[in-house]
Amino acid sequence: MFPHQNPLPKPDIITTPKFEDLLQTVKSKVLEYLAENAPDDVANVEETFANEAELLTKFTEAFTVILQSYFRQMNEQALQMFGMYATDDGMVDLIASQLGVERQILEEGDPDAFPVVPAVMESNEDLLTRYYLAAYALATTGTRSGYRFNAMTLGGRPKVTVESPTNKKVVVTYEFESHELAGQTKDAQARQISPGVVDCFILSHGNNGMPTEELIAATKSYMTRDDIAQETDLLDVKAPTLKAWSCHAELYVQSGSDVVTAKSAAEEAVQNYAEQQHRLGGRIEPSMLYSVLLKNTGANRCDLIAPSEALRCEFNEAPYIDSIQITVRNANL
């Protein structure tokens, strides 16, 4: 459902050719050009290419490196045109705008302060999630994805009024108003608990994810608007259940390795994984923690003390990390 989280393999047409293959291609093209324009020089140039010490050979290799970098740059620019690969902020904004989705402001900055305090903006990950959900909310709520998009995009739908000031004349007015709590909802999930009754749970960006009563009330008010809510649904917006967890691990690195750097990298890696899974229905898997810790620290051994078992949340639950305790030791080899 979310291609940016599970992207397809990159097609061969946008892969960077290997240096050796590209070098042979450049040499072949040079010789082909000489065969048409200076055939008497072909043999000498071919002999020169066979000698690594020749200046022309080194020049050709340098040009190949430049050409390879150019291919890599062009490929990266091509990938930015697709939501599943895009990482550039501007391109993500452009892609999301195709469905009328704009990046939300999480915390207002202060341009008059010194130094200037920049605004905290919604991440590319969250913006792309709402972009893919937007296709399910082009009409109203009703589907799970429709409820989720509207709950995460307060104020995203304009207010529409229809008036007939005179006979045979109809005026339709769209009012686009900024919602004072826009950008505070990190995730949302809705489920039918009985025929016609829907519970929608929301998770906030702030603190541990527990939404305020003000945000819950504002979300319900917005979601039950006549032009958004399903006429057949009785909707209630609720706070989720937060499940706290801790990470306690012991890492062993090669003798002589920087223990302080490894510890810092481990804590950052765990925090990033925890933030990624801080969603409704998130999952904390010990196997993933092993992978995250070993991959990002270069450690050759990891003893994971906590969590001792997987923490798998339901749609109305979210995991929240409350402490990280990493010990790094030199391995005795």
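**Figure 1. Strand β5 and its burial.** Strand β5 covers residues 185-194, and seven of its ten residues are buried, so the strand is largely enclosed by the rest of the structure. Buried means under 20% relative accessible area, exposed over 50%, and partly exposed in between, with a 1.4 Å probe and protein chains only. Helices (H or I, at least four residues) and strands (E, at least two) are DSSP runs numbered from the N terminus. The model is predicted: local features need pLDDT of at least 70, side-chain atom pairs count only at pLDDT 80 or more, and totals for chains, interfaces and linings use all residues. Residues are numbered from 1 along each chain as its sequence is written, and side-chain values use heavy atoms, with hydrogens and water left out.

Figure 2. Strand β6 (residues 197-204) pairs with β5 in the antiparallel sense over eight bridges. Two strands pair if DSSP finds at least two bridges between them. Asp187 has Leu203 of β6 as its bridge partner. Two residues lie between the strands of the hairpin, where Gly196 takes a positive phi near 85°.

Figure 3. Strands of a sheet pair through backbone hydrogen bonds, either parallel or antiparallel. Here β6 and β7 run parallel and are joined by five bridges; the bridge partner of Phe201 in β7 is Lys238. Axes are lines fitted to C-alpha atoms, for helices over the stretch in contact, and angles run from 0 to 180 degrees between N-to-C directions. Contact means heavy atoms within 4.5 Å.

Figure 4. Three strands in the order β10-β8-β12 make up an open sheet with mixed pairing. The edge strands β10 (301-306) and β12 (317-330) each pair on one side only. From one strand to the next, the twist averages 25°. Strand β8 (residues 241-253) is joined to β10 by five bridges, and the two run antiparallel. Within β10, Leu304 is the bridge partner of Ala249. Helix α8 (residues 259-277) packs on the sheet and touches β8 and β12, its direction making about 165° with that of β12. Helix α9 (residues 286-297) also packs on the sheet, touching β8, β10 and β12, and its direction makes about 140° with that of β10.

**Figure 5. Surroundings of His179.** His179 is placed in the loop between β4 (169-175) and β5. Between His179 and Gly155 there are 24 residues of sequence separation, while their C-alpha atoms are 4.8 Å apart. Leaving aside neighbours within four places in sequence, His179 is in contact with Leu154, Gly155 and Ala218. Its side chain reaches the backbone nitrogen of Leu181 at 3.0 Å.

**Figure 6. The largest pocket.** The space in the largest pocket is about 750 Å³. A pocket is an open set of points on a 1 Å grid over the protein atoms alone, where a 1.4 Å probe fits, with protein on both sides within 12 Å along at least five of seven lines; lining residues have an atom within 4 Å of a point. Grid points are joined across faces, edges and corners, and the volume is the space filled by probe spheres set on the points. The lining has 28 residues, of which Glu102, Thr153, Leu154, Gly155 and Gly156 lie nearest the centre of the pocket. Two or more lining residues come from each of β1 (105-107) and α5 (124-134). The largest share, three residues, comes from β1.

**Figure 7. Two cis peptide bonds.** Phe114 and Pro115 are joined by a cis peptide bond with omega about -5°. Pro115 lies in the loop between β1 and β2 (120-121). Ala306 and Pro307 are also joined by a cis peptide bond, with omega about 0°. Pro307 is in the loop between β10 and β11 (311-312).

Figure 8. Lys168, a residue other than glycine, has a positive phi near 65°. Lys168 is found in the loop between β3 (159-166) and β4 and counts as exposed at 82% relative accessibility. For Asn207, also a residue other than glycine, phi is positive and near 50°. Asn207 lies in the loop between β6 and α7 (213-223) and is exposed, with a relative accessible area of 77%.

Methods. Polar contact = N/O pair within 3.5 Å; in protein donor to acceptor, adjacent residues only side chain to side chain.
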